[in-house]
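Visitor: Hi! Could you walk me through this model?
Guide: Happy to, here it is.

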Amino acid sequence: MKILVVGGGGREHAIVWRLINNPAGEARKIYCAPGNAGIAQIAECVPISATDTETLLDFAVREKIDYTIIGMDEPLALGIVNAFNGKGLRVFGPVREAAKLEWSKSFAKAFMRKYGIPTASCEVFNEYGTALSYIKNAGKWPVVIKADGLAVGKGVYICKDAAEAGKALSELMLDKKFGGSGAEVVIEEFLEGPETTLLAFSDGKTVVPMLSSMDYKKALNGDKGPNTGGMGAICPSPYYTAELQDLIYKNIVLPTQNGLAAENIEFKGILYFGLMFTKNGPYVIEYNARFGDPETQAVLPLLKTDLLEICFACSNGTLDKVKIKWHNDMNAVCVVVASGGYPGEFGRGYPVNGLDKINENAGNIMIFHAGTQKSNEGEGLLTNGGRVLGVTATGQNQEEAARRAYAAVSNITFQNMHNRTDIGEITSDKSLVNNL
């Protein structure tokens, strides 16, 4: 079995690791494009950009790839699944039309309004002057301003007043900080409450939720500082109670699937529900159309069933025939080790030391590489991104998993290294959720 994974971050490393460490012990040849230095230790990396659809297609045909798994959002938005389907190649992920739930926030908001899925009220603007006039007359602060398109997890601004909102609009619509993604913006009401991520497998007819998870988006301890792609994650989320599980499936998951069917959109792949538990119940903050990062690094270590078997079932429309099993008696914590300055300016090319001191063979520690490269000499590792490593540990409870993760992190050093020290600590008021 030859499998190609498209992407090169911590999420893709976790996917490759899970495919190799399968319950049946089946030998698989895994390629990853473009991959990273950590993935290269367990799979064959090929130097093809994740957005170079034509070259990826040529590679898949030439190497007789049996199955391709798309990890990243941008290739999905570009229609890579459509292209592979057009060549008769088997691929895991939604077609471009279905992935629009992620690559167009205005589309997602209109979809949720149409099908009665609880979400924050909003207005959509494609002209700077009109948007600026709207925020100057806003009667309630803060407000949330989002780039309509993909912005590597950074195109969201929480603005406490008109001055901050005006700056955000200028960056998005005039300075084009995120290119064409900010040509249209969504301005929505600010919601309060603890957040949770719910990933789910979908075959176009059946949606099966995974274990819940929660990521830490802010750069600094105590949820301070700028938004990032995620500084860590835990699984399961302590806020995702059995009562909320039923409520979310009834009011969010099922209406989403029914709405997609009503729109004649066949969504095969991963549905990501970004949720907030407000005083009025669970609301959808956003959809994604692929595995989350870093949530995947916390969720997949707790999966018992073969990931490839589940992906095949999604592709074949037979997900209802698969019984997906989890390590329900375990917790996982992922701590992201980042470059100082991230998500702003940061340096690259710093030697990474200490990984040899971490015993991954113990079975409860996993090091997922996100932004690493081999040194010119080919022996050591160098930093090559904002988020460098995801250190995941499992345990009988959240505290044990966090303790193991931070014990592993303590061995790692590189210049200007930064990580939060409170991943796994829950300080939000859980009484809000308990009273829903």
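Guide: Let's begin with helix 9 (residues 242-262): at 1.5 Å a residue its 21 residues should span 30 Å, and the end C-alpha atoms are 29 Å apart, which agrees. The expected span is 1.5 Å times one less than the number of residues. This is a predicted model, where local features need pLDDT of at least 70, side-chain atom pairs count only at pLDDT 80 or more, and totals for chains, interfaces and linings use all residues. Residues are numbered from 1 along each chain as its sequence is written, and side-chain values use heavy atoms, without hydrogens and water.

Visitor: Where is the kink in helix 9 centred?
Guide: On tyrosine 249, with a kink of about 45°. The bend is the angle between axes fitted to the seven residues ending there and the seven starting there. Helices are DSSP runs of H or I, at least four residues, and strands are E runs of at least two, numbered from the N terminus.

Visitor: Which residues of helix 9 are buried?
Guide: Among them are Leu244, Ile248, Ile252 and Val253; buried means under 20% relative accessible area, with a 1.4 Å probe and protein chains only.

Visitor: And what comes just after helix 9?
Guide: Asparagine 264, with a positive phi of about 60°.

Visitor: Switching topic: what order do the strands of the open sheet have?
Guide: The 4 strands run 6-9-7-8, with antiparallel pairing; two strands pair if DSSP finds at least two bridges between them.

Visitor: How many bridges join strand 7 and strand 9?
Guide: There are 5, linking residues 143-147 with residues 185-189. Isoleucine 145 stands opposite isoleucine 187 there.

Notes
Buried means under 20% relative accessible area, exposed over 50%, partly exposed in between (1.4 Å probe, protein chains only).
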